[in-house]
Amino acid sequence: MEAFFDQIGALLGGVFNLTQAGFDGVNQVMGLLIAAVAALTMPSWSRLWATALGAALVHHLINAVRPMLDGGAFALPPLLTLSFWMVTLALFLGYAVVIAVFFFIKSLLTGGAKRSAAH
């Protein structure tokens, strides 16, 4: 039973480290702008996961298109590598945290709880 709890602790520690790495990737100007726009357009808390996934995809899209703006060629990211999907998962978790914070602040400032109860 103790080994089971050790495995659960290791799993949660890994998820926490992955979230922290994603938060570090989001905590830059481009990531914060993407998260702010996503939080402003997010209609309710139930859409947090879909909004975070969309923000992670927009992050990858901007990183793929940015070299073209400097005169380079378009190159797809390495979609078939584990590292790409781990970075995507980390970005997803990081965006989920940042968008949740921004949406919480938005709902405090706009009185979102009162407005949704009135409908």
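In helix H1, Val-15, Leu-18, Thr-19, Gly-22, Phe-23, Gly-25 and Val-26 are in contact (heavy atoms within 4.5 Å) with Met-86, Leu-89, Ala-90, Leu-91, Leu-93, Gly-94, Tyr-95, Val-97 and Val-98 of helix H4. Helices are DSSP runs (H or I, at least four residues), numbered from the N terminus. The model is predicted: local features need pLDDT of at least 70, side-chain atom pairs count only at pLDDT 80 or more, and totals for chains, interfaces and linings use all residues. Residues are numbered from 1 along each chain as its sequence is written, and side-chain values use heavy atoms, leaving out hydrogens and water.

**Packing of the helices**

| Helix pair | Axis separation | Angle |
|---|---|---|
| H2 and H3 | 10 Å | about 140 degrees |
| H2 and H4 | within 9 Å | roughly 50 degrees |
| H1 and H4 | within 7 Å | roughly 75 degrees |

Angles of 65 to 115 degrees count as roughly perpendicular, under 35 as roughly parallel, over 145 as roughly antiparallel and the rest as oblique. H2 is therefore oblique to H4, and H2 and H3 are likewise oblique to each other. Where H2 packs on H3, Met-30, Ile-34 and Ala-38 of H2 meet Thr-51, Ala-55, Val-58, His-59, Ile-62, Asn-63 and Arg-66 of H3. As for H2 and H4, their axes come within 9 Å. H2 brings Gly-31, Leu-32, Ile-34, Ala-35, Ala-36, Ala-38, Ala-39 and Leu-40 to this contact, and H4 brings Tyr-95, Val-98, Ile-99, Phe-102, Phe-103 and Lys-106.

**The nonpolar core**

The largest nonpolar core has 22 residues, of which Tyr-95 and Ile-99 touch the most other members. Such a core is a set of buried Ala, Val, Leu, Ile, Met, Phe, Trp, Tyr and Cys residues joined through side-chain atoms within 4.5 Å. H1 (2-26), H2 (29-41), H3 and H4 each supply at least two residues of this core, and H4 gives the most, with ten residues. Leaving aside residues up to four places away in sequence, Ile-99 touches Ala-35, Ala-38, Ala-39, Met-42, Leu-48, Thr-51, Ala-52 and Ala-55.

Tyr-95 is also touched by His-59, whose other contacts are Gly-25, Met-30, Ile-34 and Leu-91, not counting residues up to four places away in sequence. His-59 lies in H3 and counts as buried because its relative accessibility is 8%. Buried means under 20% relative accessible area, exposed over 50% and partly exposed in between (1.4 Å probe, protein chains only).

**An aromatic pair and a loop residue**

Four aromatic pairs are found in a search of the whole structure. One of them joins Trp-49 and Phe-92 in a tilted arrangement, at 5.9 Å centre to centre with 40 degrees between the planes. This pair links distant parts of the chain, with Trp-49 in H3 (residues 48-69) and Phe-92 in H4 (residues 82-110), 43 residues apart. Rings of Phe, Tyr and Trp (its six-membered ring) pair if their centres lie within 6.5 Å; planes under 30 degrees apart count as stacked, over 60 as edge-to-face and the rest as tilted. Trp-49 counts as exposed at 51% relative accessibility, whereas Phe-92 counts as buried at 17%.

Ala-73 lies in the loop between H3 and H4. With a relative accessible area of 64%, Ala-73 is exposed. Beyond residues up to four places away in sequence, Ala-73 touches Pro-67 and Met-68. Its C-alpha atom is separated by 53 Å from that of Glu-2, 71 residues apart along the chain.

Definitions and conventions
Axes are lines fitted to C-alpha atoms, for helices over the stretch in contact, and angles run from 0 to 180 degrees between N-to-C directions.
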